[in-house]
Every structure is written in C-alpha cells, then in structure tokens.
Amino acid sequence: MDETSLDERSATSQENATTAITNEEEAADDAPLLCGWFMFRPNSFQKVNTISWLVTIMSLLCFAQGMVVSGLIPVALTSIEERFFLTSTQLGIIVAMYDFTVMVVILFVSYILAEKNKPRWFGVFTVVLAIGTCMWTLPHFLSPPYDPTGAEEGYYPLCRRSSNVTEDCDDEWDSLSNFFYVFILAQICIGIGASPIYTVGYAWVDENTTHAKSGWYMGILNTMAVLGPATGFIVGALTLTLFTELTVDTGLDSSDDGWIGAWWLGFVFAAILIFILVIPISAFTPVLPGTKYIKDERRSQAHADGSDLVAQQQGFGRTWRDFWPASKLLLKNYPYMWINCARTTSTLVLSGYTPFTPKFIQNQFGLTAGSAGLLVGVISIPGAAGGTLLGGWIVKKTNYGVKGNLKLCIAISIATIVLSLSYFLRCPDQPIAGVFRSYDPTNTTRLSEVQLDHPCNADCNCFRRVYVPVCSEINGLQYFDGCYAGCELTPDALIYFNCTCIDIHMQYPVYTVKAEYGICEEDCWQLILYVILFFTIMLVGFTILAPLAVLGMRTVPDSQRSYALGISSLMYRLLGAVPGPIIVGAAIDSACIVWQEHCDSTGKCHIYDNADFAWKWFIVGFVFYGITVIFYILALFTYKEPQNEEIEPITYKLKSENTEDSVMGTYRTTGSFSFSQPVDADTEPPSN
C-alpha cells in the first residue's frame, strides 16, 4: 500500500471522528466541549474535565442523596411521630412518597435527558433536591417551641386510688399534625431532584468509560450510595442526643420518654452539601474528552434480538414519536425484564428492611432507639460499603459478561438467604408482668394473652398512652409503668415506692417495695454474634450492586441505556420500593401485643412478641429473595450472546501534516478503523 493511500485513509478517518464528535455535541444541545459555566470556561478547568472527577462528584451526590433519603429520614421518623402526633400510617405515606414521586417522573426524565445537556439539567435537579432537604427542617422552625414540662404525670404515671382521674383528650396534635403535608411536599421535591441520579447519572458515567472500567466506577458510585445512609444513621443518632430546642435545658436526657432529639439538624448539614455540589456538577461537559474513541472500541453485549439494530438508526429516540417503539424494544427484551423483576423483589426487601432495621434491633436486643440507630450506622459503613466495593472489584477483575454476572448474582442471593437465619438470634423476652409473665413471681409460665389489669392495680386509673417501664429488684419482674406496678410515690421519677403489685403476697416491709425506672437488664450474648452475622449479611448482600448495575446496561443497546434504567427504576419503585415498607410494616404490626391507647384512638406499638417479630421478619426476606433467585435463573436461560464479528487490533502508522506520531488503530471487517493510543510500531492497516 502506498503512502498516498494511507494518508487518504487517515484523512477520511479523522474526518469521520470529527463528524462523530460534532454529532455528540448536537445531541447534547450543542453544548461546548469545555468545562465551566456559560462564558466562564478557563483553560485551568479543563484538567478536571475527566471521568475520574465526574465519578467523584457523582459519588458525592449519591452520598448526599442516600444520607437524606435512607439515613436521616428513617432515624427521624420516631421523633417526628412524637413531636407532630403522626400515626404510623402517615409515616409510611411520607416514606413511600419519595419512591412514588420518582416512579411518576422517572420515565420522562430518563427518556428526555438521555439526549439533552446532562450537566446543565443535573444542576437544575440538584437544586430541587437541596430545596426538598431544606423543607424537612421547616416544621421545626415554624412550630411553637417544644416544652415537655407540665406533662410529667403523662410520662411518669402513678397509681391514684383516692382520685377519679380521667385522661386528658386535648386536641393539641390537630394543629401540629398539619405539618404532615409539609413533609409530603418535601418528599416530592426530593423525589424529583433525585430522579436522574441512578438512571441518567449512571448512564452518563458508563458512556464515558470503557466496559472494563465501568464496573469499577459503578462500584464506587454504589459504595458512596451505601455510605450515605450509613452516615445518615450515625449523624441522625448523634443529633438525637441533643434536645430539639438547642438552647433549652430541660433536665431530661435522651433515655427519658419526654425527650425529643434535634432530628432536624442533620438535614441542615445535608442541604448545605447538596447546594455546594450544584456548582461542580453543572460545569462538566456532556461528552468528556476521549469518549469518541472509547465508543469506537466497545463491543455491544445487548441481548441478540435485533433491537440493537433498530436503536442504532440515525435519530432514533430523539422525539416523542419514538417513545412507544423504544418502550416495545425494551419490554420484549426478556433477559432485561427478568433482571428488572429480580431487582424489584430484592428492592422490596431492602426498602422494607431499611427504615425498620433499628426498630428490629432495638426490640430483639433491648437497646434504645438511639443506640440501635448508631449500631446500624457503624455496621453499615464497613459492611455495606465494603461489599459494594468488593462487588465492583470482582466485576473489574473478572470482566464477566452478562452470563457471568448473572451467575454471580444468583450465588450472592442464595448466600444472603442462608445468612438471614441469623434473624432468629435475640435476647430472652423481658419479664414484663401482665404481658409475658404473671404478676405472681412464683409463676414462670409464659402468658398466652396480655393481662395488664390485675386486682393489685384495678383502682389505680392507669392508662396506656406512654410506655415507661420500671423494674423491681425484689422479684426480677418488669412492669409497664409505675401505675401498673401499683406505685403511689416517686420523688424524682427514677425510683418508685409503695408498689403493691410488686409484693402481691405482702412479704416485705412497705418501704422496701420499690421499683426503678428502666428495663430489667439481662445478660445477652446473642447481640455480639448477631453483630458479626449482620456485618456479614451487609458485606455479602451489597456485593450484588455492581454486577446488577452492569447487567442493567449491558443487556440493552447503548443508545437505550438511560431509558432502560428509567424503566427499571419505574418497575422496582412501583412494585418494590413503594409496597416494601408497607408490607414489612404490616408484618411488624401483626407481631404487636400491646398498643398505645389514647382516648378513643390507637397509636404506635409499645411491646412486640419478639419471637413472632423475628419469624415474620425472616419470612419476608426468605420469600422475596427466593423469588429473586428464580428471576435471575430465568434471565440466564433466556439471554442470547450477540454474534459480533471479531475485532482484531492492528498496529499501523498514520501520517498527517501536524504529527508523525504512531497510532494504534482497530480494523474491522467493515473496513473502518478508529484511533486508540500511541505505540512504537510501523504497521500499515490491511487493504480491503
């Protein structure tokens, strides 16, 4: 081949590359390929216009979103329930509103933003996310200062035999409960703002890197998305140790029933972080330098059903007329749909477990709400984050194709089911008189039904509005509160005297019959073992995120990735994330044996049957993870490898007017080739 012919090929290839880059710019609303904002795009900024920096900023955004949605909000639920007199049903609606909002807008956002200026629109959506986070703090600042004083009789009830006491059925909560709608609006804003992160955002990263590195980057993003909730749990638990009115000294501590922590403080820090992220994320270019050459060297792994050819047609997917054809291509892609079904069932379990895990640990091992939340956060950081990074590392090192990643997901899901047997570990039931044990300390038989009312407290006018447990060292029994223990006197609400139910056989002097505030402490070695197994579950379970993220994009044509992630998000939110908390919450409620009672209404659950709690907690995970494994197997058997022609890299030298550098080219049977990297060779491309 003569030099003139080679130069002509070089000029033609360079012209094709320039045309491709021009098309990319047009697809991104003609955005300039320079990093910056508007007319301010200095050369010094171009050093950070790389995939590494894009992944860094996107990771921080995933971190902040996860910290708010899956960390701060679950920790704050108990506090806002008490502060604003909200029912458990209302709390469930608040939690589900985020996923419901994302479900409504996700298809339109992912379809439209796939061909729009991603950084510009990401900046807009991030602002909305920050506004929604700020709105979570509004009920605190707009409501009257919280004052627990004057309600001591409600918090530390005593037996009042000489007076006819009636419960105060005031309507204070009617005004504060209207803040329920503020929380709903805040969740809607957060849902809108976060909607493109895990669809368009993941596709934005994936399309600017190679297949080999994509899994690693997905692992980093998923790791930060997991670190966010873990950090949110820790920050939320720490802020709950501060009183909600920061400048007020109440004399209470976080273990007292009248205590409401500074649940709102974490949202202030999160909102500041999100507002800061708006600046860098909007500065990136839609197409990073070098992306054209990466795309030329990619080998499609889309399911071989012909959809790849349709999706590659020029202009496909840029107008609303292609909406239904694009949807049909994905809905008829069976491996992609089975993977979506598997993700939906696993998301149902995860979304149901996440807000209730602190409650589960609190009840099974007798911890306080703050301690349980802190424990979840501390375990989640090394467990979930380590598992996510491990999954990304496995995907990068093995470079599995679709089938390999499906087999990995099957193995991880089965291991998670086996490890979930640890949910049966728990401390012994607390010896609560009238609930699990008889008021007669000599009778150790477990009660078959709740019998809080007893002749020893029949005329004490006791209520079940607040659960304030007291413990007797004399008989080792725990009582619902001082009133149900028959106690008539307390000097400081910490020690109760003259407790008739403690000494029903009148064996001790009256001044020695006392009870102390708090639960009866018991040795529980199971907690240590559970912490180890819970860490293992987190480590193994979250390993699946990286291969699952890769599967969601590898089984569809490249041009449909953003939209495919949108459909996937719609499915797992509609059928997984939205009903998940409701199903798990209903299962937990069915294990309740003592409910809060206030006048004619029923509130939250005071005491659970922990054995029943553990069984139902396990069954939810076992059933839906078992279905998940079946869906992965169906995806594995329906997937067809694409019959791509082999790509043989050939080293050759291209000459131009400006450079004599050698360039590695990739020659295909179609006769086209692309540029890759400098080499020290002098091989010509073969002729057609």
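Predicted model: local features only at pLDDT ≥ 70, side-chain atom pairs only at ≥ 80, totals over all residues.

Me: OK. Which residue does Cys 462 pair with in a disulfide?

Reply: Cys 483, with the sulfurs 1.9 Å apart. Cys 483 is buried too, at a relative accessible area of 1%.

Me: What's the handedness of the disulfide between Cys 462 and Cys 483?

Reply: Left-handed, because the torsion about the S-S bond is about -90°. Cys 462 sits in the loop between α17 (402–419) and β1 (470–471), and Cys 483 in the loop between β2 (478–479) and β3 (495–497), so the bond ties together parts 21 residues apart in sequence.

Me: How many disulfides are there in the whole structure?

Reply: A search of the whole structure finds five. Among them is one that joins Cys 471 to Cys 520, S to S 2.0 Å.

Me: Left-handed or right-handed, that link of Cys 471 and Cys 520?

Reply: Right-handed, with 110° about the S-S bond. The pair links distant parts of the chain: Cys 471 is in strand β1, while Cys 520 is in the loop between β4 (514–517) and α18 (526–541), 49 residues apart.

Me: And are Cys 471 and Cys 520 buried or exposed?

Reply: Cys 471 is buried, with a relative accessible area of 15%. Cys 520 counts as buried as well, at 8%.

Me: What does Cys 487 bond to?

Reply: Cys 499, at 1.9 Å from S to S. The link of Cys 487 and Cys 499 is right-handed, with 105° about the S-S bond. Cys 487 lies in the loop between β2 and β3 and Cys 499 in the loop between β3 and β4, so the pair ties together parts that are twelve residues apart in sequence. Cys 487 and Cys 499 are both buried.

Me: How about Cys 134 and Cys 189, buried or partly exposed?

Reply: One of each. Cys 134 counts as partly exposed at 30% relative accessibility, whereas Cys 189 is buried at 15%.

Me: Changing topic. In what order do the strands run in the sheet?

Reply: β2-β1-β4-β3, four strands in an open sheet with antiparallel pairing. β2 and β3 are the edge strands, each pairing on one side only.

Me: How many bridges hold the β1 and β4 pairing?

Reply: Two, in the antiparallel sense. As for partners, Val 470 has Tyr 517 in β4 as its bridge partner.

Me: Now helices. At what angle do α15 and α21 pack?

Reply: About 50°, with their axes 7 Å apart. That's α15 at residues 334–365 and α21 at residues 579–589. The two helices are therefore oblique to each other, and their crossing is right-handed.

Me: Which residues meet where α15 and α21 pack?

Reply: From α15 you get Leu 348, Ser 351, Gly 352, Tyr 353, Phe 356 and Lys 359. They meet Pro 579, Gly 580, Pro 581, Ile 583, Val 584, Gly 585 and Ile 588 in α21.

Conventions: Residues numbered from 1 in each chain as written. Heavy atoms only, no water. Disulfide = S-S within 2.5 Å. Buried < 20%, exposed > 50% of the residue type's maximum accessible area, 1.4 Å probe, protein only. Pairing = 2+ DSSP bridges. Axes fitted to C-alpha atoms, helices over the stretch in contact; angles between N-to-C directions. Parallel < 35°, antiparallel > 145°, perpendicular 65-115°, else oblique. Left-handed = near helix turned anticlockwise from the far one by under 90°. Contact = heavy atoms within 4.5 Å.
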